[in-house]
Amino acid sequence: METTENKPILEEVLVKKSQQKKKISPNNYKERLFVLTRTSLSYYEYDKDKKGSRKGSIEIKNIRCVETVNPEEQAPLERQYPFQVVYKGGLLYIYTANGESRRQWLEALHKEIKGNPDLLNKYHKGFFSNGKFMCCDQACKSAPGCTLWETYSSLHSANTAVKPLPPVPRGQHRQALVLTADRSFLKEALAIYNYEPQGNSDVPLVRDNKYYVLKDDDPDWWQVRDLEGNEGFAPCAYLKEIVQPSDELRGIMDTANVSSEEEESIDKFDWYAGNISRGQAEQLLRQKGKEGAFMVRNSSHVGKYTVSVLCMTSREKKGTVKHYHVHVNNANEFYLAENHCFSSVPRLIHYHQHNSAGVVTRLRHAVSTKTKKVPSAAMLGKGSWELKPEDIVLLKEIGSGQFGVVHMGKWKGKYDVSVKMIKEGSMSEDEFIEEAETMMKLNHPKLVKLYGVCTKTYPIYIVAEYMANGCLLSYLKNHGKELHPFQLVEMCCNICEAMAFLEKHHFIHRDLAARNCLVDSDLTVKVSDFGMARYVLDDEYVSSLGTKFPVKWSAPEVFHYTKFSSKSDVWAFGILMWEVFSLGKQPYERCDNTQVIEKITHGYRLYRPQLASEAVYQIMYSCWHELPEKRPTFHHLLSLMEPHREDDHP
């Protein structure tokens, strides 16, 4: 007997587009019999007026958005009326035969999904095709929408109301306008996303189009004018200010000189790398691999600069890096070669970009360590750890781990961030959310900064500092042979500094390993995922004999009694040091977990890697004392490693 819930509301043969679960999968289009009931949207094989086997089904409660989608370019007549069903875990594209049929399906589906708890306030009006959305170029199927879904406000439950954008400002004081030619505006801006107006007072934004900003005194909305003269409000997060050079700077650009005022902001130049070490500079220049690759960094002599430049004409395959102190004469002029003196470092660099003049080669290719990170003074969530998912755009997948896929993204269209998308059932979400704010307060230059979380939508996002060179383990495997032993010591010191900070604040990492450290654009190594092991929901991971549990990094008291402490982190740090000096090898590579436990219990310890000196090996070996109280603290380990760090004189 057919129940009310199973009774068809709509039933029609429609065309379904393949879901392209792999980027290389070809597009295909198949006729399917679609059946909508109160509980599900299902589709079946259909041949010669006969209903075949069911090919798929989506529960109504899991649907998050139903909306039209722009037809593909040069689509045939039978594919002119597409709509999309966005649901938890997927995206379905369906084509109706005409506009009336599409209207009926949209209306019926909207009626059934009304009140669903996870409806979207934004959607993608373009197809996801060839690995990206055609409307905004985001490369993840679950990326936040780029267009306001107007139907959302009438469908979502009252108790789940979320304002996707702040209210338009009213009655605010007028800000003085700068008169430029015959056009009055404060500044120019470029749209970095499309924006569909919410009401009559808004101006649509078209990505890459220029706009004139008339007022910017509201923190969320700017009053703008487009190139056709239309004026109204637009979200400032969707715009990027076009920085116009001053008259002075224009003159500098014209004469290829730099003023003394510019010298004060030397850190604005791409070639300036700040406090980067000599070893890091050499590695980055060799990675560039071009004759004349260069950067300017702070010298070991306080207040002075060093120019590091790569020469490829030497016998060494990777080239030779030369380091030159920037000298200052009695007239306070800067020089590398005494016959060529200049009033500022930027002028000096500009000259040597065109003339070698005493340098091994002219400075041809500036190697930058600059990244668009969130400023340390900025708070993404205005003091709160809960962030708005609509402020985050996912750009590309950069890895995956215990909890899910990791993407590189942009926050507010300005700053690079990494976004960990938590797969369902992988973590104890409630416990993590309780601790997230505490973890955000752990600020240290060698800890990957946790910016906040998005817990109001599915899946949960963990938003953190973006590290351009990725996972330390992968970096060691790909670039380790280019590194000198003192650079390996420097990497270990970076990690030890972070761990000494956690130790001081009585915070235990629990899963310290090369795979959980990341490498920044300047090759600084930072510790990531601190404390995250507590939230794993995986019996195999928790079990001491399971395949996923990090037994090879675990101290005896951990795999015997599950007793974690800063001293168990010290044991793991010793294993990490071994990973670094073996350039990413697997510790105890020929043993399974059971054999490792047996060996460790009987006193076996890892051998000395070839790149580790006897003194360095003794430091890592000291981390592996059977008794926790006999192991050094991280502060003591830092003092032991200090003599093995590089001498930074060129």
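1. In this predicted model, arginine 631 and glutamate 557 form a salt bridge, with 2.8 Å between the closest N and O atoms. Arginine 631 sits in the loop between α14 (614-622) and α15 (634-641), while glutamate 557 belongs to helix α11 (residues 556-561), so the pair ties together parts that are 74 residues apart in sequence. Both arginine 631 and glutamate 557 are buried.

2. A second salt bridge joins aspartate 520 to lysine 526, and here the closest N and O atoms are 3.8 Å apart. The cut-off for a salt bridge is 4 Å. Aspartate 520 has a relative accessible area of 7% and is buried. Lysine 526 is buried too, at 9% relative accessibility.

3. Arginine 103 and glutamate 100 also form a salt bridge, the closest N and O atoms lying 2.5 Å apart. The two residues are three apart in helix α1 (residues 99-113), which means that about one helical turn separates arginine 103 from glutamate 100. Arginine 103 is partly exposed, at 39% relative accessibility, and glutamate 100 is likewise partly exposed, at 41%. The pair is part of a network of salt bridges that links Glu100, Arg103 and Glu107. For the whole structure, a search finds 19 salt bridges.

4. The packing of two helices deserves a separate point. The axes of α9 (residues 485-504) and α12 (residues 566-581) come within 10 Å and cross at roughly 165°. Because of that angle, α9 is roughly antiparallel to α12; the limit for this label is an angle over 145 degrees. The crossing of α9 past α12 is right-handed.

5. Which residues make up the contact between α9 and α12? On the α9 side they are Pro485, Leu488, Val489, Cys492, Ile495, Cys496, Met499 and Glu503. On the α12 side they are Ser566, Asp569, Phe573, Leu576, Met577, Val580 and Phe581. Sorted by class, the contact of α9 with α12 contains twelve nonpolar residues, one polar residue and two charged residues.

6. Histidine 124 lies in the loop between β8 (122-123) and β9 (128-129). Apart from neighbours within four places in sequence, histidine 124 is in contact with Gln84, Phe133, Cys135, Cys136, Gln138, Ala143, Pro144, Gly145 and Cys146. Cysteines in this list include Cys135, Cys136 and Cys146.

7. Serine 368 is another loop residue, placed between β26 (365-366) and β27 (392-400). Serine 368 counts as partly exposed, with a relative accessibility of 33%. Its C-alpha atom is separated by 8.6 Å from that of phenylalanine 269, although serine 368 and phenylalanine 269 are 99 residues apart along the chain.

8. As to the overall make-up, the protein has 15 helices and 33 strands. Of its 650 residues, 52% are buried. Among contacts between residues at least 6 apart in sequence, 57% join residues at least 24 apart.

Methods. Residues are numbered from 1 along each chain as its sequence is written. This is a predicted model: local features need pLDDT of at least 70, side-chain atom pairs count only at pLDDT 80 or more; totals for chains, interfaces and linings use all residues. Side-chain values use heavy atoms; hydrogens and water are left out. Axes are lines fitted to C-alpha atoms, for helices over the stretch in contact, and angles run from 0 to 180 degrees between N-to-C directions. Helices (H or I, at least four residues) and strands (E, at least two) are DSSP runs, numbered from the N terminus. Angles under 35 degrees count as roughly parallel, over 145 as roughly antiparallel, 65 to 115 as roughly perpendicular and the rest as oblique. A crossing is left-handed if the near helix is turned anticlockwise from the far one by less than a right angle, and right-handed if clockwise. Contact means heavy atoms within 4.5 Å. Ala, Val, Leu, Ile, Met, Phe, Trp, Tyr, Cys and Pro count as nonpolar, Asp, Glu, Lys and Arg as charged, and the others, Gly among them, as polar. A salt bridge is a side-chain nitrogen of Lys or Arg within 4 Å of a carboxyl oxygen of Asp or Glu. Buried means under 20% relative accessible area, exposed over 50%, partly exposed in between (1.4 Å probe, protein chains only).
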